[in-house]
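Biologist: Please pick one part of this model and take me through it up close. I'd like a single connected account, with your cut-offs spelled out as you go.

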Amino acid sequence: MALRPALLSLATAVPPHVLTQKDIAKAARRVFGDKFGDFDKVEQVFETAGVVQRHAARPLEWYLEPHGWPDRTEVYLQSAADLFEEAARKALAGAGLSGADVDTVVTASSTGIATPSLDAYLLDRLGFREDVARVPLFGLGCAAGVTGLALAMRLAAASPGSTVLFVTVELSTLAVRPDKLTAANVVSTALFADGAAALVVRAGDGGFATAVGSGEHTWRDTLDIMGWDIDPDGFGVVLARALPPFAETHLGSAVAGILDRLGIQPSSIDRFVCHPGGPKIIAALEHVLRLEPGTLDHERDVLATHGNMSAPTVLFVLERVLRAGLPERCLLIAMGPGFTASCLALERRP
């Protein structure tokens, strides 16, 4: 019988600057108020976004200034590498390991461009071996926390006994643009935050949970729902207003199909661990998954205290679920560009 890949440890990290929603809303009015025709209407998103505070790679004033690709890339390379190192160090320490024990490192990040990829910048800082296998992932957006972890677990299963480090780091605030007079940009200003998460995976004994299986569903003709609009000054957010109703209409059958392919009964799931993209998305998830309103409490808490960090966010939720006591079976769910839903089923290890 093949050994299941197990999660040995989980750690998170956030940058040092804490921004309150009240301060961000005031700054947004200064920047957009006189330029944006119906800003009074759009401004309500700062009150309804479900965010109280969040962490950012730079102080608030930095985001009010014009910045091009060189500035944004410099911040990304510095801050993303720092967050990668902090999260990875804590995860490795939690597993009783060091960078030299890592055989494969899977890195998911879609909010900056680095060639060589971020993992190469950490080779000496984390003490990775020269023969470490590097697997960088780009373009998965918010879904990458689940998709990337699922890939890391499959790689661990393919080589029992090897150690796989999965790190996802996103500086979503770098996509906030004072020059973009769009509703999507204002919404992202009210939601986006920065953070990182890391997990150590190995097929064998130990760990707090094992992978039962994973799956994805990508809908056709949905490229305009979520993604980046790339221009000379940086990333601009593409975010369809119809995302919550789309999720309510289509997500249920997609999740059901994934569970059916995995041979898992929906009734056997004790806790859904979801990416909290926003309050309307959380409410749509509760409706689709036939949960009582308010069930996704950790999701709302993470959104309130950390905002939407893209891919790492669902793993911040998993961290809170772990602290509260991991149920016997969980299903991680995240949606991202494609448009794609990604699921990963976990079972608690005795």
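**The domain interface**

Modeller: Let's start with charges: between domain 1 and domain 2 the count is one salt bridge, meaning a side-chain nitrogen of Lys or Arg within 4 Å of a carboxyl oxygen of Asp or Glu. Arg177 and Asp231 form a salt bridge, with their closest N and O atoms 3.1 Å apart.

A word on the ground rules. This is a predicted model, so local features need pLDDT of at least 70 and side-chain atom pairs pLDDT 80 or more, while totals for chains, interfaces and linings use all residues. Residues are numbered from 1 along each chain as its sequence is written, and side-chain values use heavy atoms, with hydrogens and water left out.

As for the domains, domain 1 covers 5–203 and domain 2 covers 209–348, with bounds from an automatic or database domain assignment. Their centres, taken over C-alpha atoms, are 17 Å apart. Domain 1 puts 60 residues into the contact and domain 2 puts in 48, where contact means heavy atoms within 4.5 Å.

The two bury about 3900 Å² between them, 65% of it from carbon and sulfur atoms; that is accessible area (1.4 Å probe) lost when two parts are put together, summed over both. On the domain 1 side, Trp69, Cys142 and Val146 supply 18% of the area buried against domain 2, more than any other three residues.

Polar contacts turn up too: 17 residue pairs across the interface, both partners at pLDDT 80 or more. The rule wants a pair of N or O atoms within 3.5 Å; within protein, one must be able to donate a hydrogen and the other to accept it, and residues adjacent in sequence count only if both atoms are side-chain atoms.

Which elements give two or more residues to the side of domain 1 that touches domain 2? Among them are strand E1 (5–13), helix H5 (69–94) and helix H7 (144–158). Helices (H or I, at least four residues) and strands (E, at least two) are DSSP runs numbered from the N terminus. H7 gives the most to this side, eight residues.

Thr12 is buried at 10% relative accessible area, since buried means under 20% (1.4 Å probe, protein chains only). Its side chain makes a polar contact of 3.0 Å with that of Glu319. Leaving out neighbours within four places in sequence, Thr12 also touches residues including Ala87, Lys90 and Phe316.

Methods. Buried < 20%, exposed > 50% of the residue type's maximum accessible area, 1.4 Å probe, protein only.
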